[in-house]
Amino acid sequence: LASILNSEKQRNKFTTFAILLILVCASLFLQKDMGTLIVLFSTMMIMFFCSKTPLKQTLLIGASAVLGFIGLIIAEPYRLQRVTSFLHPETDTLGTGYHINQALISVGSGGITGSGLGLSVQKFGFVPQSISDSIFAIFAEETGFIGCTVLIALFLAFFVASLSVGKRLNDEYLRLMAIGIGSWFIVQTMVNVGAMIGVVPLTGIPLPFISYGGSHLMMELVACGLLLNISKYARKQ
């Protein structure tokens, strides 16, 4: 995407980006993976906005996307069910609202300092996917508000560092890549954490670097390697 936005002429950027966006969203729609779709769409939109394109084009794509997401939610009963359980988790605590309710219990149980590393109770069969998608809820229970604040601060620091690298690059292609990598990590973190504290509906995507799983960790480390390589070309301040 960074290569396309850098090489395309200004008048062709919108068309090329829209086609690429439709292809990516269509492939993820066929896989029924709304979580990854939201992360990639948000990352692509941030990169498009930072590629010096007119604001009205970003707003047009954003408005179209909102209508599209609403249509996707209405089209599939299980998506609508997730939104309903997100808005009213108390209505079916042992059914559709079970996951979010258990996650909130886990987060709330941590208090200020947490129960201690390895001392979570909720991870023993109460919170679904406790080692992968729901790892933040367990982390919150064991480390409390202080531990969560430190973890989120580290992710924000990574994002700020990525933007700082991008700001100090003269090459537009490398600048967009640095912004894209940083945006990907922070958006995925926000979606995962937001789902565990009831701010956004459950999506089922991992928390970067923390959740169990090899494939996502491998790609995150590859992205970090690219970002470190890019940072070599950033001018010093």
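User: In this predicted model, at what angle do helix 4 and helix 5 pack, and how far apart are their axes?
Analyst: Helix 4 and helix 5 (residues 77–87) pack at about 105°. Their axes are 5 Å apart.

User: Why are helix 4 and helix 5 called roughly perpendicular to each other?
Analyst: Angles of 65 to 115 degrees count as roughly perpendicular. The angle here is about 105°. Helix 4 and helix 5 are therefore roughly perpendicular.

User: Which residues make the contact?
Analyst: Helix 4 gives Leu72, Ile73 and Ala75. Helix 5 gives Pro77, Arg79, Leu80 and Val83. By kind, 6 are nonpolar, none is polar and 1 is charged.

User: How do you know that the span of helix 4 agrees with its 21 residues?
Analyst: Helix 4 covers residues 55–75. At 1.5 Å a residue, helix 4 should span 30 Å. Its end C-alpha atoms are 30 Å apart, so the two agree.

User: What puts the buried residues on the same side of helix 4?
Analyst: The buried residues are Gln57, Thr58, Ile61, Ala65, Phe69 and Leu72. They cover an arc of only 100° around the axis, which places them on the same side of helix 4. The face turned away from that side carries exposed residues: Leu55, Lys56, Leu59, Leu67 and Ile74.

User: Why is Leu117 called exposed?
Analyst: Exposed means over 50% relative accessible area. Leu117 has 72% relative accessibility, so Leu117 counts as exposed.

User: Where is Leu117, and which residues does Leu117 touch?
Analyst: Leu117 lies in the loop between helix 6 (98–109) and helix 7 (135–167). Leaving out residues up to four places away in sequence, Leu117 touches Glu142 and Thr143.

Terms used. Residues numbered from 1 in each chain as written. Predicted model: local features only at pLDDT ≥ 70, side-chain atom pairs only at ≥ 80, totals over all residues. Heavy atoms only, no water. Helix = DSSP H or I, 4+ residues; strand = E, 2+ residues; numbered from the N terminus. Expected span 1.5 Å × (residues − 1). Buried < 20%, exposed > 50% of the residue type's maximum accessible area, 1.4 Å probe, protein only. Arc of directions from axis to C-beta. Axes fitted to C-alpha atoms, helices over the stretch in contact; angles between N-to-C directions. Parallel < 35°, antiparallel > 145°, perpendicular 65-115°, else oblique. Contact = heavy atoms within 4.5 Å. Nonpolar A, V, L, I, M, F, W, Y, C, P; charged D, E, K, R; others polar.
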